[in-house]
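This report goes through a few local features of one protein model. The sequence and the structure come next.

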Amino acid sequence: MKKYISEELTKEKIKGFTNEYIYLIGGECGSGKTTAIMTNLYEYAALKDKQILYLCNRSTLEEQLIDEHIEEVKGHMEIAMYQSVTTSIEKNYSLPFHRMEYDFLVVDEAHLIFDSSDFDINPVLFVEYLNHFKGIILVLTGTPKGFKKLEPFLNRKIKTVREVNKMNHCVRNIYVTGNEIEFDEFKRNCIRNGDKNFELTDKVKNFKDYKENNIGNSVANIASIHRQDYNQIMSAYDKAVRKAIVGTQKMICEALIATSSMEVGINIIAEENYLVSYSYLPTESTIIQFASRIRVKNQDEFYVDLIFLMKKPDKKIINKMKERLKKMKRNYKVYGDYEQICKRHNYCIGERDQLDGIIAMREYNPITMKCLEEKIAFQEKFYESEQLLNSYTKLLNELYPNVPIICLEKMKIEKELDVLVKDSKSFTLITREEKMEFRLKMKESGIKTRSKDGIPSINLINDFFEQYNINYRIKQQRKRFDGNKDQTRYWAVEHVNY
């Protein structure tokens, strides 16, 4: 596989494209997705006097693209957000034909059409637009799996031009921890050491805690400009940071936080080392896309590390999604299929006889239903997991197969136990005081218990060792020591091959 997309998306290949397929271009961070479009495709279009419509999903990305490619915008290209298409359909009850006269349609971050359809009900309208577009369609994404899930709803087959190269990225290490205190302390230490931190969260209310936990550092948060409470969430400093990043692709603060549904379209060219942190369980696409927002130039030696706070998903959120899905399925049971649901509410592409100005039943579309089913399955898999570390490790190994995954609890406890065991295969704890001292040390290392004293038992310690793949076990045995006639119950902490 060639490293850069421009080497594969040649003018000769573009010449052979037709409107029979949707051409999928998988591009990891640094593979030059945008560069290939702005050079090879644009030059081909200019030579043939063709027009390109370039659609992206984030307002910040739109601003960056227009700023960087102003000459192309003046010539044979228009850059816009895909929401401008769906809004036109929603408000005018017709496809935006003024945007259908283009010869090429380029959809950036195409996975978001599917991945965002559980909270943005407009993707079903955008799929209608794709199905009515007459020209050649190219879609760009770092996570093709998301876009491929749309194939049942598309009237063209998807043809892959380039697969994603999972080895081509700037991630150095991945850290995981189940301890929130450990998670916050690790971030603070990285900032003290000169790294910059960019965090993704699932709730705006976490912005306040993030700023308080990083007190003493220059900290900002980013919220969507489309939020009604934008001015309450964004201080003057936050707005200045956002403007600076969009304009220069440089981060002027030490720490920055955004939510998964907001403004993660910004690109940052690394001039320092970065730690990208996730305080909740994001989807596969979000992990890849968010980490890739930090770009490291080839000649630079900067690294990007990731850290995940491992915790089970919120059961209330899972149940809420299930209730919504159940409601959708009831609606299908009553009306039969989506076409009948639309007609029942006087909405269907081509039939614009609706009077109230609202397309009422978009929330019951089949794309959102499929997305909900997959997200529920993903969340439940982690919620029901008895070995959370193994579940995270499996997911992260698949996304970043060449990156070491370091569990902070495992690293800390194994380091302490290695010192205790030294060159022998085990060490013994005989007295009650020795056992208690060891249990307290394990508590400090992150092993929790529900008992009032908070001191973990032998079973909890062993369960923790097994869950985190720590190569030690405690065996409780009886033995006579130093000529004592009575047997003494003791703990033997042994090194094992896990």
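## Helix 7

Which residues are buried in helix 7? The model is a predicted one, and in it the buried residues of helix 7 are Pro123, Val124, Leu125, Phe126, Val127, Tyr129, Leu130 and Asn131.

The buried residues are Ser285, Ile287, Ile288, Gln289, Phe290 and Ala291.

Ser292 sits in the loop between helix 13 (284–291) and strand 13 (294–295). Is Ser292 buried or exposed? Its relative accessible area is 12%; the cut-off for buried is under 20%, and Ser292 therefore counts as buried. A polar atom of the Ser292 side chain lies 2.8 Å from the backbone oxygen of Gln289. Gln289 belongs to the buried set of helix 13.

## Lys203

Lys203 lies in the loop that runs between strand 8 (196–201) and helix 10 (206–213). With a relative accessible area of 31%, Lys203 is partly exposed, because this value falls between the limits of 20% and 50%.

The side chain of Lys203 makes a polar contact of 3.2 Å with the side chain of Asp202. Lys203 can also be placed relative to Ser279, which is 76 residues away along the chain. The C-alpha atoms of Lys203 and Ser279 are 9.9 Å apart.

## Packing of helices 18 and 19

Two packed helices are described by the angle between their axes and the distance between the axes. For helix 18 (residues 408–421) and helix 19 (residues 432–444), the angle is about 150° and the axes are 10 Å apart. Why is helix 18 called roughly antiparallel to helix 19? Angles over 145 degrees count as roughly antiparallel, and the angle of about 150° therefore places this pair in that class. The crossing of helix 18 with helix 19 is right-handed.

Which residues meet in this pair? Helix 18 contributes Lys412, Ile413, Glu416, Leu417 and Leu420, and helix 19 contributes Phe438, Lys441, Met442 and Glu444. The residues of this contact divide into 5 nonpolar and 4 charged, with no polar ones. An α-helix has 3.6 residues a turn, so residues three or four places apart point the same way. In helix 18, Ile413, Glu416, Leu417 and Leu420 are among the residues that meet helix 19.

Conventions:
Residues are numbered from 1 along each chain as its sequence is written. This is a predicted model: local features need pLDDT of at least 70, side-chain atom pairs count only at pLDDT 80 or more; totals for chains, interfaces and linings use all residues. Side-chain values use heavy atoms; hydrogens and water are left out. Helices (H or I, at least four residues) and strands (E, at least two) are DSSP runs, numbered from the N terminus. Buried means under 20% relative accessible area, exposed over 50%, partly exposed in between (1.4 Å probe, protein chains only). A polar contact is a pair of N or O atoms within 3.5 Å; within protein, one must be able to donate a hydrogen and the other to accept it, and residues adjacent in sequence count only if both atoms are side-chain atoms. Axes are lines fitted to C-alpha atoms, for helices over the stretch in contact, and angles run from 0 to 180 degrees between N-to-C directions. Angles under 35 degrees count as roughly parallel, over 145 as roughly antiparallel, 65 to 115 as roughly perpendicular and the rest as oblique. A crossing is left-handed if the near helix is turned anticlockwise from the far one by less than a right angle, and right-handed if clockwise. Contact means heavy atoms within 4.5 Å. Ala, Val, Leu, Ile, Met, Phe, Trp, Tyr, Cys and Pro count as nonpolar, Asp, Glu, Lys and Arg as charged, and the others, Gly among them, as polar.
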